[in-house]
Amino acid sequence: MSRTLLQNVYLFKTFEGSELDAIGETGTVKQYNRGDTIFIKGEPATALYLIKFGSVNIQQNAIVVAKLGTGSHFGEMSFVDGQPRSATAEAVEASELIEIPYEKLRLFLEKNQGAALKFYRELSQFLCGRLRVTTNDLNFAREKNLSHF
């Protein structure tokens, strides 16, 4: 996996070259065709995904909650909390993903505390941003719902 790809992924943007190389060695390239399921809500989670090219829908109960494209990552929540998948991921088009197994990522972060600090800082900022969007969406939905009465 190339440094350039990893540098363009939010979680790894502050990593040094050697750290990017080490993370790159943990990943495996996976090919998906349009409509292929990457993982299903409720199943055990074992990997984080980076979109090398293509796009992926993240769905809950057949509702698309996010459409992610090249350079995006997904599957990070279960890395943090160890819970099953919270949504289903499906390829929207022919896509190439990098699968980074949680166990390999954990081992790397345990051995490289500087990289771990950077990774968890970026992850927390990313998840905070996602929570802010969710909170705004929920507030909008509540206001919309109340205006119907």
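Trainee: Which residues lie nearest the centre of the largest pocket?

Mentor: Keep in mind that this is a predicted model. The largest pocket holds about 540 Å³ of space, and 19 residues line it. Those nearest its centre are Ile-58, Val-65, Ala-66, Met-77 and Arg-130.

Trainee: Which element gives the largest share of that pocket's lining?

Mentor: Two or more lining residues come from each of strand E4 (55–60), strand E5 (63–69), helix H3 (77–81) and helix H5 (113–146). By type, the lining divides into nine nonpolar, six polar and four charged residues. The largest share, five residues, belongs to H5.

Trainee: Is Leu-50 buried or exposed?

Mentor: Start with its place in the fold: Leu-50 sits in strand E3 (residues 47–53). Because its relative accessibility is 0%, Leu-50 counts as buried.

Trainee: Which residues have the most contacts inside the largest nonpolar core?

Mentor: That core has 22 residues. At least two each are supplied by helix H1 (3–7), helix H2 (17–26), E3, strand E8 (95–101), helix H4 (102–111) and H5. Those with the most contacts inside it are Phe-12, Phe-15, Ile-23, Leu-105 and Phe-119.

Trainee: Which residues does Phe-15 touch, leaving out those up to four places away in sequence?

Mentor: Phe-15 is itself among the core residues with the most contacts. Its partners beyond that sequence limit are Leu-20, Ile-23, Phe-108, Ala-115, Lys-118 and Phe-119.

Trainee: How many residues does the second, separate core have?

Mentor: Its members include Ile-38, Tyr-49, Leu-68 and Ala-91. The count for this second core is 14 residues.

Technical notes
Residues numbered from 1 in each chain as written. Predicted model: local features only at pLDDT ≥ 70, side-chain atom pairs only at ≥ 80, totals over all residues. Heavy atoms only, no water. Helix = DSSP H or I, 4+ residues; strand = E, 2+ residues; numbered from the N terminus. Buried < 20%, exposed > 50% of the residue type's maximum accessible area, 1.4 Å probe, protein only. 1 Å grid on protein atoms, 1.4 Å probe; cavity = no way out; pocket = protein on both sides within 12 Å on 5 of 7 lines; lining within 4 Å. Points joined across faces, edges and corners; volume = space filled by probe spheres on them. Nonpolar A, V, L, I, M, F, W, Y, C, P; charged D, E, K, R; others polar. Core = buried A, V, L, I, M, F, W, Y, C linked by side-chain atoms within 4.5 Å. Contact = heavy atoms within 4.5 Å.
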